[in-house]
Structures are given as structure tokens and as C-alpha cells.
Amino acid sequence: MRNRQICTGFFLATRRGLRLAAAALLAGALAGCSFHSPDAASGSHSVGIDGVTAQQARSIAREAYLYGTPMVASYQTMYAFSIDRNGPQYKGPFNTISSMARVYAPEDKAYAPSSDTGYSYAALDLRAEPVVVTVPPIGGGRYYALQLMDLYTHNFGYIGSRSTGNGGGRFLVAGPGWNGKTPAGITKVFRSETELANLVGRTRIYSAADVPNVKRIQSRYKVQTLSAYRRQRAPAPAPAVDWIAAESPAQLRSSLEFYNQFAFLLQFAPEHASERSLRARFASIGLAAGEPFDVGRLNPALRRALQEGMHDGQNDIDKKREALQGRTDGLYGDRKSLGNDYLARATGAQVGLGGSGREEAMSPALEKDSYGQQLDGRNKYTLRFPPRGLPPVRAFWSMTLYRLPDQQLVANPIGRYQINASMLSRLKRDADGGITLYIQPESPGKSRESNWLPAPQGPFMLAFRYYWPRPAMLDGKWTQPEIQRAPG
């Protein structure tokens, strides 16, 4: 079993369970394309489009799958949270913010839950005008981060402890077409490459008793249109959109409806200068911005090429995940840091949509010991931080244990599911000042129970989350301790 990836992504659990079907009509996506049958005598492999062979179509389909996976994943979340008003996960319309804060327990049956932070979310429609995000002063040095993510899943900006400080402020988020004047009182301006974007907020929770304090802070986060902020008449609204229904992530890893949703979303993503030839290749097989792509009416050979290209792309993602061995910090970032690495972006979207860039947080996950053997509660383990060897972070760190394969918390006698920086004063130090943690089903004894992280009887994994890493962690000068299997 390979190492898994756990990120600080907001959407690890919330994207599960979407069950929606999409219907699309063929309009002009394939206008001007000449459809004809393969020439059996010559052995040509036509897909019904002049100048495009089956192999070329398959290659383009693979490129489109990798390029579009983050966009389709982002839209799945937007649709569930801010478009589908009758859906069970609906939180509010575009350009409004919703928040939640809680400490999870095993009875919640959540998927890889994190109790490190409370979460906030807003889907942003930047077509008609920018929005203004208002943040109160965050006292006590409490870590928080409001992450801004475009449709490509580039993290194009952060409002928070690391990036803008804890003093609060008013931050303008504008789309690619806005050329207005920045009003007085705006602390900073952020520009999105796409007309739709996500805001994902994280606010540190110190303990269960601290949750009400976090909720009070979250209640003062505000998102409003620029005209509402200035108390002026709103500009002409953007054209109405006939939003198409989103399907589940699992379904769209094999369904050709993926390509219809991808073409639909391209209308909200103006062409980047570095991607003109790529967009032209997409258009050559009918993937044009905003045009319906009715896969049911395609030439069978083109359908086969699309299916093969999707399969190729997913294989590339699966291989990338395998090679990561639990390290996800290279999958998230802005366009400058990621370049046009579409495979990294697509892998990040499947590992955990909404992951932070490595300068904001790093989230390795381990399910094997120092000998490469699966962690299993039939054994006893230790993990030791040497003297002056705690994780070098400016904010805080945590280590959470999840049962496999469901990646859920496990009930235990002391109700402890993680060890984190807030617990340091209660952890017992070794004679040399280091800290040894005991990871096993049974108590290691009263004298060591403060350092005990209970494990289940069976396979499990450990997820580490490091918020605001220091240079030693970013540069690799600090290495995470290995998990050692105790003898016997």
C-alpha cells in the first residue's frame, strides 16, 4: 500500500457524495468539422475531423484532462456550495462567506478531518465587479489564512498572519477584466486570472473550549461586492449563466461528460499568453470556450480517442501520486511557482482540492515505518523529536492519527486523536530534552501516558500538518523523524 497524501485542503470531505447528472446539447462546438468514416483500404484512423488523427485526438484529450481536472473539481465545489440551492451542501450564493468551527470526534465519521482550524468559504463571481474582503484584527497572535484560489487552482493570494499580518484590513479581489480605480481604504489588491474563484479560510483552534472564540472571529469575516462596499449603485449585471449540473469526482474520472464541463468552464478563464497553442489544440477537437460538447453525438472513433486520452491522463496522475510518497508540497502554489505544470495541478486537485502553497503549510502523510512496513496496531511504535528538533514553524504543527482504509478517527480510552503544538507543555521530556511519542493501542504506562497517541487494532496512518513553515523546513535542512517499530 502506498503512502497517502493528506493536505490542509478544505474540500477533502465536502466534495464527497455529489450525485448529479448533466445534460448538454450540441450547438456549435463542432461547427465546420467534416465527419466521415475511416478509410479501411488505406488504414487511416479518422476521428471525423479533417486534419486530426486518432492519435492526435487522444494526445489532445489527455492534455485537456490534465489541464481541466482542477477547473472541473473547483466547479464541483462551487456548484454544491453556491449554485445548487436545493442541494444538501448549499451554503449561500456567490460573493457571500460561510464558516464552521468544531473539534471532530470518531462519531462524526468524517473523512480525514482536521481540528486544527475552523474553516470559511466563499465562491466569488468577479465578472461584473470586484469584491471586498473585510477582516477584523486577529488578536493574541492567532494564526489565520484566507486563501484565494482561481479556477485553475492557482493560489493567487493570501490574506493572513504570514502574508498581511494580524491587523485586519479591507482587501479587494478583482477579476481579469477589471480596470477600475482602487478606492480609498483598501489595504491590498489581488488579481484573479479567472472570472470565478474560491476563497478558503482557516482560523486556528487551540482547543475544544476555544471554538466559540473562533466562531466570533469568523462572524466578522465579510465578503461584499465593491459597489455594496462603497454604497453605490451596482454596475450592470454580468450575463446570466445557464449553470450545468456537476457530477461526482469519481464519476468524472471515467465519464466523457468531463469534457463538456471543461468546455463550459473555459468561458470563465480568459486565454493566458503562454497557452494560446494549447487552447487552439483543444478547439481543434471541439473543446471551445462556453460551447456545448455533446459526446453522445460524436464520431465513435473520436469518443474512443477521448476515452483513451482520459485514461492516459488519469494514469499519469496515479503515477505522480505514487511517486510523491506522502509529500504534497509541490502540488500547490501560484502560476509563478507551478509554471505550466498541469500534471502537478491535476494531481493536487485529486489529492485534496484547496491545498495551501508550501510557504503557507506543508502536509506530509505517513503510513509506513522506518523499514517501509505498513503501520499496524498489532505493533508498537515510537516517534522521537530530538533536542531542539521540533518542527520549525512560525505558527503551529499537528500530528493526527487516522484508521485505514477509511481515514477516520478512532475511539480510544483517553479521547486523544492528535498531538500538536498546543500540548507541548503537557508532554514529558526525555533526559536530553527531546520528546518521545508512543503510538500503540495499549497505554505505554502511567508515566508515559502524556505522550501516548492511541492507535487502532489494525492499519493506520499519521498525517502531519505544518503551518507557516520556517526556512529550515522549506529548504529541507530539517527532516521529519521516522516512525520506529518497537522491538518485541
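Modeller: Keep in mind that this is a predicted model. Glutamine 76 counts as buried because its relative accessibility is 2%, and the cut-off for buried is under 20%.

Biologist: Which helix does glutamine 76 lie in?

Modeller: Glutamine 76 is part of helix H2.

Biologist: And what does the side chain of glutamine 76 reach?

Modeller: The side chain reaches the backbone oxygen of glutamate 247, at 3.0 Å.

Biologist: Switching to packing. At what angle do the axes of H2 and H5 cross?

Modeller: At roughly 70°, with the axes of H2 (residues 54-83) and H5 (residues 257-266) coming within 9 Å. H2 is therefore roughly perpendicular to H5.

Biologist: Which residues make that contact?

Modeller: On the H2 side they include Ala61, Ala64, Tyr67 and Met71, and on the H5 side they include Phe258, Tyr259, Phe262 and Leu265.

Biologist: How many residues are in the largest nonpolar core?

Modeller: It has 54 residues, and Tyr67, Met71, Tyr259, Phe262, Leu287 and Leu306 are those with the most contacts inside it. Elements that each supply at least two residues include H2, strand E2 (117-125), H5 and helix H7 (300-324). H2 gives the most, with 15 residues.

Biologist: What does methionine 71 touch, not counting residues up to four places away in sequence?

Modeller: Leu151, Tyr152, Phe262, Leu265, Leu266 and Ala269.

Biologist: Which residues does the second, separate core include?

Modeller: That core of 31 residues includes Ala361, Leu366, Leu427 and Ala455.

Definitions and conventions:
Residues are numbered from 1 along each chain as its sequence is written. This is a predicted model: local features need pLDDT of at least 70, side-chain atom pairs count only at pLDDT 80 or more; totals for chains, interfaces and linings use all residues. Side-chain values use heavy atoms; hydrogens and water are left out. Axes are lines fitted to C-alpha atoms, for helices over the stretch in contact, and angles run from 0 to 180 degrees between N-to-C directions. Helices (H or I, at least four residues) and strands (E, at least two) are DSSP runs, numbered from the N terminus. Angles under 35 degrees count as roughly parallel, over 145 as roughly antiparallel, 65 to 115 as roughly perpendicular and the rest as oblique. Contact means heavy atoms within 4.5 Å. A nonpolar core is a set of buried Ala, Val, Leu, Ile, Met, Phe, Trp, Tyr and Cys residues joined through side-chain atoms within 4.5 Å. Buried means under 20% relative accessible area, exposed over 50%, partly exposed in between (1.4 Å probe, protein chains only). A polar contact is a pair of N or O atoms within 3.5 Å; within protein, one must be able to donate a hydrogen and the other to accept it, and residues adjacent in sequence count only if both atoms are side-chain atoms.
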